[in-house]
2 protein chains.
Amino acid sequence: MESIALTPIGTLHSIYKEKFGIPRQPGLVDAPAWMDFYPAYAREEAVRGLEHFSHVWLLFNFHQSNIAPGQKDTQAKWLPMVRPPRLGGNKKVGVFASRSPCRPNGIGMSAVRLTSIEHTDKGPVLHLSGVDILDGTPILDIKPYLPYSDIVLNADDGFAHGASSETCRIVFASKAKRQIRKKERQIPRLASIITAILENDPRPAYRSGPSGKAEPDRVFGIRIFDFDLKWMVTDDQIIVLELAVCA
Amino acid sequence: MESIALTPIGTLHSIYKEKFGIPRQPGLVDAPAWMDFYPAYAREEAVRGLEHFSHVWLLFNFHQSNIAPGQKDTQAKWLPMVRPPRLGGNKKVGVFASRSPCRPNGIGMSAVRLTSIEHTDKGPVLHLSGVDILDGTPILDIKPYLPYSDIVLNADDGFAHGASSETCRIVFASKAKRQIRKKERQIPRLASIITAILENDPRPAYRSGPSGKAEPDRVFGIRIFDFDLKWMVTDDQIIVLELAVCA
């Protein structure tokens with residue numbers, strides 16, 4: 001089969017600097033994100049009318065998945081079965097029955113909120129919210145979210161289910177509290193963004209599940225914004241320890 | 001920007017042999033369609049678990065749009081503004097505010113019903129319904145439709161609205177009736193499939209709209225299945241004339 005060449009149109013900028021800690025679905029964490037365009041696509045006309053839509057689909061390249069961008073022979077690297085985190089990380093399903101990044105043609109899609117469109121000297125900037133995409137991700141396409149065709153109300157979702165309704169209690173250690181108070185001058189609502197990221201327990205399911213290895217003393221780090229968020233888990237709560245400098 | 005090479009994983013087979021007459025959104029016409037895989041992807045394991053989902057997203061290449069598949073310099077051919085048929089065909093909007101096929105990176109996405117998965121000697125075949133995609137379209141990816149992240153109930157759809165609730169009355173001429181009765185031995189429900197295709201009036205909006213050029217005597221043809229469906233419009237109804245041989 002002849003391959004199809006795609007050119008990224010722009011870049012997504014988000015608070016998520018590494019894969020660990022990214023929400024497992026869009027819309028969970030109301031953190032700011034934005035997208036700018038490469039010069040060839042940075043044209044006001046190309047987004048005209050988009051301001052009428054509350055949500056957009058972003059089609060993007062899973063550029064940090066196992067399959068490298070621009071790799072010619074995608075057949076060499078994809079695996080027919082994957083272990084989705086939602087199934088506890090130890091049950092395998094077919095890659096096409098999952099939304100895993102490790103797939104032939106590593107394209108991801110997310111429905112995110114479009115909060116505003118800013119027009120700058122360098123072209124339009126889309127301000128977004130509810131993004132579950134890594135910082136620096138190449139964007140391939142933007143499409144308006146069309147409720148009349150994208151909402152399938154009678155769809156059955158098989159074994160995958162939404163975010164657990166049971167959320168963890170989040171506690172801030174005094175050091176973290178002080179640091180957050182200071183940072184909130186630049187990053188409004190930082191405490192609530194951190195709470196939203198942690199309350200669905202970002203640990204892989206094989207660690208957090210009932211049969212999992214709990215590792216109660218382990219300190220986890222998540223790189224968001226310009227710091228490394230350090231936290232640990234006790235029986236029934238997650239303790240935010242500090243905002244460390246990134247290594 | 002470095003380009004990203006994608007390889008189609010399979011082919012979509014549908015009743016729509018040309019662009020004219022394809023429903024303007026998925027789910028409107030309950031006609032059969034199926035997808036098979038290229039040998040490298042034709043593996044039972046790759047779709048294992050997909051049978052639990054009622055709907056899937058198909059990501060596909062708009063291979064008959066203005067931008068040719070595999071074309072290196074996509075920047076040369078895309079237009080920043082398009083005229084969506086829903087807006088009457090004479091109002092322009094930005095290409096990223098539309099779902100037009102004529103876009104940088106010609107990827108389309110549709111949520112369609114997965115009716116069954118058949119396992120054959122040549123690999124899995126997905127049987128689908130509600131498809132709005134041209135016959136022979138290269139498929140790039142299959143993803144399960146996940147209600148908890150793909151349904152955005154509070155999304156505002158700007159100026160685009162769903163299929164008109166006013167449908168045309170469809171009348172079958174006696175010649176068409178006879179031909180359909182005969183064909184229905186091979187194609188079950190053919191009369192109701194034809195009705196569903198025509199009742200939303202597939203003519204471009206500039207012809208059908210109130211200010212449009214009505215052309216009451218014009219005979220239209222739509223190539224579906226293996227025939228050319230001939231029909232015309234009167235004041236308040238569409239008359240199915242005959243099932244002609246394709247030229």
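Modeller: A salt bridge here is a side-chain nitrogen of Lys or Arg within 4 Å of a carboxyl oxygen of Asp or Glu. By that rule the count between chain A and chain B is 4 salt bridges. In one of them, the side chains of A:Asp150 and B:Arg99 meet at 2.9 Å, N to O. Keep in mind that this is a predicted model.

Polar contacts also cross the interface: 28 residue pairs of chain A and chain B are found, with both residues at pLDDT 80 or more. On the side of chain A that touches chain B, the elements giving two or more residues are strands E1 (4–6), E4 (55–61), E6 (93–94), E7 (107–120) and E9, together with helix H1 (147–150).

Next, the extent of the contact. Chain A contributes 77 residues and chain B contributes 76 residues. The size of an interface is often given as the accessible area lost when the parts come together. For chain A and chain B the buried area is about 7,300 Å², and carbon and sulfur atoms give 64% of it. In chain A, the residues that lose the most area to chain B are A:Ile4, A:Phe96 and A:Tyr148, which together make up 11% of what that side buries.

The two sides can also be compared. Of the interface residues of chain A, 99% are also interface residues in chain B, so the copies meet through the same surface.

E9 covers residues 137–144 and pairs with E2(A) in the antiparallel sense over 3 bridges. Within this pairing, A:Leu12 stands opposite A:Thr137 of E9(A). Strand E2 (residues 10–13) of chain A is also joined to strand E3 (residues 32–37) of chain A, by 4 bridges, and these two strands run antiparallel. There, A:Gly10 has A:Phe37 in E3(A) as its bridge partner.

Notes. Residues numbered from 1 in each chain as written. Chains lettered and ligands numbered in written order. Predicted model: local features only at pLDDT ≥ 70, side-chain atom pairs only at ≥ 80, totals over all residues. Heavy atoms only, no water. Pairing = 2+ DSSP bridges. Contact = heavy atoms within 4.5 Å. Buried area = accessible area lost by both parts, 1.4 Å probe. Polar contact = N/O pair within 3.5 Å; in protein donor to acceptor, adjacent residues only side chain to side chain.
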